[in-house]
Amino acid sequence: MDYSKAWPNLDDSQKMLMDSVHQFSNEVVAPRAAHHDETGEFPTDTIKQMAEMGLMGMMVEEKWGGAGLSTVDYAMAMESVSAACASTGVIMSVNNSLVCYPIQAFGNDHQKEKFLKPLATGQKLGCFALSEPGHGSDPAGLKCRAERVSGGYKLNGSKNWITNGREADYCILFATINPELKHKGICAFVVDTKSKGFSVNKLETKLGITASSTASLFFDDCFVPDECLLGKEGDGFKIAMSTLDGGRIGIASQALGIATCALEASKKFAMEREQFGAPIAKLQAIQFYVAEMATRLQGARLLTWFAASRKDQGLPFTREAAMAKLSAADAAMWITTKAIQVHGGYGYTKEYVVERNFRDAKITEIYEGTSEIQKLVIAAQELSKK
Ligand code: CAA
């Protein structure tokens, strides 16, 4: 992907960053992707190399071990890595947006020193545990309990569909001190997964992004000291919501990456595959698909980078992040479906990358807020009196 075609004024440092991320994605991540997809094996070595490149804490200030880069830089890097391997992309996205961000934004200096530094440098990996078996789209009523005890809190409950849940060293956990308070009772904790009473219950087998783990977590009288509470008691819901705003930029970028891979593969195939005595790229039916794929992709990319740049400027970006995720997930699903159509019978086989792209795309319409939730968020903003 040549980003100078996507955005006219990338600065020199962005061009250098993207050259090195593209090279890494093409030479290291992409050649391993089919293996990880088939086996479900976690890409440990790739993540280690990404940590060395500063990709696991991209937006964290340098003094806390991060790369000190912008959200736009992060969006571009996420797209590149996800174009090579969407499983690797989500592992990166969760650590950056859902784990490092809330500690950087809401943690105190002690928490940043203790938890953020190892997470941002990639020595440790994190997960974000909000969803529960009975609370996916509606986390305000979550049931996981936090009971105040001497020196800290005792946690009890279950969490579902947690990306990186099997490998995480630290978990950003949301639990309520009083369910009657609804969202105002929710607290956010950083939990060391080596704590007594923490366990990984079940691992999901999935349609796509098979090399990232999706786990159920269980907390059984799991004690965490006071130093693990992020912000104040009752801040948890707002911490979760504002964290997800940034997470949605990450997942939009993952969707863009998946779609980019499918589009590039389709163009190559269309120019090589001959039917009726000429490359199928000469057929208007195929040209129309390619034109619409490229247009949907670029439209979603501009929305994503717009949301990212508002975040970088300190402007509100809840609506823009929801629009970006809605549009990029929709583009990824449409583009990967048409990519298989362009490839015909070949596209339905595992020999061609578009088969994996199609399976990987679906989750972008579901996690970090379904497409329907994004519409609710956008509508609430559009119809607000402010
Ligand atoms: N930033 C900061 N605060 C926010 C906010 C935001 N984006 N959105 C809402 N709030 C605040 C509101 O201002 C309100 O504050 P007050 O109490 O002071 O008035 C409070 O939160 C409650 O707001 P709402 O009444 O709007 O809350 P709601 O319960 O109606 O929920 C929702 C709104 C948008 C539907 C929300 O529940 C939502 O986003 N649901 C989807 C959850 C989600 O994305 N889950 C994905 C889990 S993560 C994941 O996928 C795991 C993974 O590993 C990848």
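How many salt bridges are there between domain 2 and domain 3? The count is zero, and the views below, all drawn from a predicted model, show what the two domains share instead.

View 1. Let's start with the overall layout. Taken along the principal axes, the C-alpha atoms fill a box of roughly 80 × 45 × 40 Å. For 386 residues, a compact globule would have a radius of gyration near 21 Å, and the chain agrees with this at 21 Å.

**View 2. Where domain 2 meets domain 3.** Now for the interface itself. Seven residues from domain 2 and 10 residues from domain 3 take part in the contact. Between them, domain 2 and domain 3 bury an area of about 680 Å², and carbon and sulfur atoms give 70% of that area. On the side of domain 2 that touches domain 3 you will find four nonpolar residues, three polar ones and no charged residues. Two residue pairs are in polar contact across this interface, both at pLDDT 80 or more, while the number of salt bridges between the two domains is zero.

**View 3. A salt bridge within helix α7.** Salt bridges do turn up elsewhere in the model: the count comes to 22. One of them joins K267 to E264, with the closest N and O atoms 3.2 Å apart. Both K267 and E264 belong to helix α7 (residues 236–272). The two residues sit three residues apart in that helix, about one turn.

Conventions
Residues are numbered from 1 along each chain as its sequence is written. This is a predicted model: local features need pLDDT of at least 70, side-chain atom pairs count only at pLDDT 80 or more; totals for chains, interfaces and linings use all residues. Side-chain values use heavy atoms; hydrogens and water are left out. Contact means heavy atoms within 4.5 Å. Buried area is the accessible area (1.4 Å probe) that two parts lose on being put together, summed over both. A salt bridge is a side-chain nitrogen of Lys or Arg within 4 Å of a carboxyl oxygen of Asp or Glu. A polar contact is a pair of N or O atoms within 3.5 Å; within protein, one must be able to donate a hydrogen and the other to accept it, and residues adjacent in sequence count only if both atoms are side-chain atoms. Ala, Val, Leu, Ile, Met, Phe, Trp, Tyr, Cys and Pro count as nonpolar, Asp, Glu, Lys and Arg as charged, and the others, Gly among them, as polar. The radius of gyration is taken over C-alpha atoms; the globule rule is 2.2 Å times the number of residues to the power 0.38. Helices (H or I, at least four residues) and strands (E, at least two) are DSSP runs, numbered from the N terminus.
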